[in-house]
Amino acid sequence: MDTTGVSRTDQVPADGMHGSGTVFLVPRRAWVFMGSAVAVLSLMLAVTVGAGGLAAVRLAAARLLGVNPAWLVDDSYDLALVTWGVGFVAFSALAHPAAGIAALLLLRPWIDGYTFPSDNYYFAFGAHFIGLVRLLQRRREPGARFDGLLPALLLGGFILWGLATLPATWQVHATARQLIIWQAALVLFVTAADVSADRNARMLILGALATAIFFEALFSILHFKYLLPYLRVLILENKAVLRQFFGTDQITPELARRFNYNRAFGSMLFPNALSAYLILGLPLLGAGTWRFWRKDDRPERKASPFPVAAAVGVAAGVAAFAAAMMVSHFVSTYRRPPVPWYCATHWQIIWAFLAAAPVAGGMFSYARICGAGRALYDAARGVFPAALLTGLAALYYTFSRGGWLGLALAVALSGIAFGLSGPLKAGKSAMDTRSRKRPAKGKRARMALPFLLAAGLLAFAGAERAAGQGGSETSSSAQVTEEGLGVGIRELSDPSSFRLRFTYWRVGMSMFANNALSGVGMGNFMEAYSHYQYLGAGDVREAHNGYLQAFCETGLIGGALFCGFWGLIVLGSAWRLRQTGNGDVLRRRPWDAALWTGLCAFCLHAGVDINFSHPTLVMTAASLAGVLWVGSGARDCDGQEEKNAGGGKKKNRNRAAWWLRVESGLRGPVGRWALIGALVVSSLASAWTATRVLGMELRFNGMKWLNVADNKTREKILQVGGFFLKDVLKHAMACSEARKAGRPDPPAPKVPFVDTLSLQPDIEVWLPCAFYEPVPGANQYQPLPQGAFPTRQCMMGVTKPWRAYQGVLTGISALTARLEQVDAIWPWNHEAARYIAEWYGLLYNNVFATEWAEERSVWRDKWLEWSRRAMERNPMNPETVRYHAEVLSGLALHDETWRDAAGRLAAMETCLELHRKTARYAPQNARFQFNTAWALEQLAKLYRQAGREAEAGKMEQEAAQIRENARRLQQLRFSMGFSY
């Protein structure tokens, strides 16, 4: 971006017009182009999905990328959603970068980037495209200033330090992912700050946030009321749900507790993440409620032309349709069967359309008669209070004490910072200091309002749940109940959650003390946590303190830059608002004061939760930080003249000189273009890295475009391989024995035909087998008619087991070779290396036929090699080290053809050292100590065979001691409520 300055255009006419033909930031034709392009794209995708056209696109992409077509996931909606989302953001950015940021903020909360990290790359691409559009626009304004240079340098320095310490990171893959996210956040901050010089751009971005907050709050309430009970019923009636989503058949007490607690989950899954997102926007909704109920600024009646009125009507109809569709979907879908006919999907669409049509028609008529400005104003008077109440209800249902407390403290701090700004700023000019006159009555009320709101929020935080639920006790049994457990005073006053967080922080401080210079690498807190965990400290993925985690992961310099950025945004913006608010920020600058309150609450909440580890929250907060920083330095949005214009402005400039001097050094052409070049190069490098990671994971996960980090596709194919190499082999041998004894063949095992194609795509291999087609409307299969060709939906009976076995072996050999090629695209993913190793291990441990003897030795070497690569890519993780140790021990103890006796003994000694290393890496996990004791016992046996009795005796004594220590440790952890 251009860094010489910012051209301010805060003073705009009341009707939002900048000039002839320009409506709200850009010419009307730009908005028409954006709306038409998005509408056409939506229609094209709807028709294409309905006609099955995207399946052909997915197939063509799979062939281009060298993916087995049988791996493809049977779902066209994910590709359609990704295409629509990327197109929506791109077309919006082409209309105006502020519209692109608004579109991204509208879409960001609906994709859970924390659980599925690869989904974040789409938003990173969108952020870079928006930044590119703004950069091209800036060519027309070479002399304009950029007001966000200092915070951008701090955030950029944090990212640069994370890149500089990459050689010292504990895991490259995790750090690269975090760098991609923070680079996108930097681009969003810079772009948002650059466009926010225009007041209309700020309002557009804040309006998008308010809309997203309302819909997310509505979603979470519906989820709380309908989906949670439905999920508990499914778990009680169908254990397959547990296997599919939680990988277990047993409901443990911990799972039962999580299912039973009635807490609202958003589309970002976690209640605490939802509360952090809500407190960002709730102050804005409160400011909007107050702002639009002021009686002195309602627009006059003035008829609008047809196109403007139609745009207002369509926008209102789309919003109403989305809300109605969300409500009807939850009410209709998540209910006990049988489901009435009027709850079918097409009826849900009809009901939503019938609800939205009157809204669209009413808004069109109102705008046509009274004007678009007055129609939108009067609509906002109803929408903002409703959205505020919905958001407060959702925040309540999260039962996040940190969210409530953070918002209450931020509101109180807003009152201190801005409610007193009038008397402190106006000072002698506002009152006679000798007479000590009190402020006006209305002024006192405005000063007291934030404190009253804070007190109300704190009282609201301690309120009981509905009658009969407030005293519920935490269930320690493994029983899930349909009605669940209410969260009341007993649970809210339980300090155990804070005590656990305190243990996380103690471990984090120890981690930082041992890695003060470079840290453990971005995104590696979880990798390093077990190394410094003490007995009694909880098991956790994040530090639940974003600032401490920044110091742990990036060291002293990175942590200081990180805290400096957010400290400057909060404290610097408060100072700037006090200088530009004309003595009454809360009344004259309600939007900026509300945005400051939301970001302040977010930063306070980040001190006790994972806000800065959640990509959705990071990208949203970074965009808002850019808006706040520039908006806080803008002139009074209500057009009031500053008092003491001459001396006051000079005084303000003197106060700000310390950061203006920093900026002045980079004002020249050399500094400006150097910063632009650095931002462009870093964005290109980030996008290139994201493309490589995404391309690899698309190939590994069956071209699944959303939630591509989900490993269920990989695990499923591995299970199919085990089915053929184990079960089908046993069936083939049973058939041979039955035929020798003159008995009929045993029943053939069955497998979905699409699963067999995932391993061997040659259909000719499978045609001699028996096929069964699904019975329409029933969960049953019937024999395929004679001469009919099997489809992917058929079930296959393995009636030719030896043919199937040989065909699968050939297919797996080709599959492993293809996986190795895919791994080369991004050779730092330890999970990919582990997956390839598991395939070679499956082949080596299950194929013993003489015709595969030569290949078996290759599989053995590959199994060992890829397990070693997985360990090297994540060398400080005890699980990857343990896996390589198990591969070594398996070969040393069970394969006499692998090396000689001395070589196997040396391999077992290496295995012992690896197990000792895992015990050091996770000293509070008894499982790794048990593994170490086992390795000592096995090595002692080998020493005895070699005649080294004394060494064997010492090892057996050490093994017994380690096993006893592990048993005591395990009992202690069980008594504290931890596993292992």
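User: What is the phi of Phe-399, and is the residue buried or exposed?
Analyst: Most residues other than glycine have a negative phi. Phe-399 is not a glycine, yet its phi is positive, at about 50°. Its relative accessibility is 4%, and buried means under 20%, so Phe-399 counts as buried.

User: Where is Arg-899, and what is its phi?
Analyst: Arg-899 is found in the loop between α33 (878-894) and α34 (901-921). Although Arg-899 is not a glycine, its phi is positive, at about 65°.

User: What is the relative accessible area of Arg-899, and which class does that give?
Analyst: Buried means under 20% and exposed means over 50%, with partly exposed in between. Arg-899 has a relative accessible area of 45%, so it is partly exposed.

User: How many helices and strands does the protein have, and what share of its residues is buried?
Analyst: The secondary structure comes to 36 helices and 7 strands. The protein has 980 residues, and the buried share of them is 53%.

User: What percentage of the contacts with a separation of 6 or more joins residues 24 or more positions apart?
Analyst: The contacts counted here are those in the protein with a separation of 6 or more. Residues 24 or more positions apart account for 78%.

User: What is the mean pLDDT, and what percentage of residues reaches 70 or more?
Analyst: The mean pLDDT of the protein is 82. The share of residues that reach 70 or more is 81%.

User: Where does pLDDT stay under 50 or fall below 50, and how many contacts does the model have there?
Analyst: Where pLDDT is low, the predicted coordinates should not be read in detail. One such stretch is residues 423-439, where pLDDT stays under 50 and the model has 16 contacts beyond four places in sequence. Another is residues 637-656, also below 50, where the contacts beyond near neighbours in sequence number 24.

User: How do helix α30 and helix α31 pack?
Analyst: Two packed helices are described by the angle between their axes and the distance between the axes. For α30 (residues 801-823) and α31 (residues 830-846), the angle is about 155° and the axes are 10 Å apart. Angles over 145 degrees count as roughly antiparallel, so α30 is roughly antiparallel to α31.

User: Which classes of residue make up the contact of α30 with α31?
Analyst: On the α30 side the contact includes Tyr-805, Leu-809 and Ile-812, and on the α31 side it includes Trp-839, Tyr-840 and Leu-843. By class, the residues divide into 12 nonpolar, 2 polar and 2 charged.

User: How do α31 and helix α32 pack, and what is the handedness of their crossing?
Analyst: Helix α32 covers residues 853-873, and its axis is 8 Å from that of α31, at an angle of about 155°. That makes α31 roughly antiparallel to α32. The crossing of α31 past α32 is left-handed.

User: How many charged residues are in the contact of α31 with α32?
Analyst: Among the residues that meet are Arg-834 in α31, and Arg-856, Arg-860 and Lys-862 in α32. The contact divides into 10 nonpolar and 4 polar residues, and the charged ones number 6.

User: Are α11 and α24 roughly parallel or roughly antiparallel?
Analyst: Helix α11 (residues 271-292) and helix α24 (residues 615-632) have axes 11 Å apart, at an angle of about 15°. Angles under 35 degrees count as roughly parallel. The two helices, α11 and α24, are therefore roughly parallel.

User: Which residues of α24 meet α11?
Analyst: The contact has 6 nonpolar, 1 polar and no charged residues. From α11 come Ala-273, Ala-276, Tyr-277 and Leu-280, and from α24 come Leu-617, Thr-620 and Leu-624.

User: Where does Leu-79 lie, and how far in space is it from Leu-706?
Analyst: Leu-79 lies in helix α3 (residues 77-95) and counts as buried, at 8% relative accessibility. Beyond four places in sequence, Leu-79 touches Leu-54, Val-57, Arg-58 and Trp-705. Leu-79 and Leu-706 are 627 residues apart in sequence, and their C-alpha to C-alpha distance is 7.5 Å.

Notes: Residues numbered from 1 in each chain as written. Predicted model: local features only at pLDDT ≥ 70, side-chain atom pairs only at ≥ 80, totals over all residues. Heavy atoms only, no water. Axes fitted to C-alpha atoms, helices over the stretch in contact; angles between N-to-C directions. Helix = DSSP H or I, 4+ residues; strand = E, 2+ residues; numbered from the N terminus. Parallel < 35°, antiparallel > 145°, perpendicular 65-115°, else oblique. Contact = heavy atoms within 4.5 Å. Nonpolar A, V, L, I, M, F, W, Y, C, P; charged D, E, K, R; others polar. pLDDT = per-residue confidence, 0-100. Buried < 20%, exposed > 50% of the residue type's maximum accessible area, 1.4 Å probe, protein only. Left-handed = near helix turned anticlockwise from the far one by under 90°.
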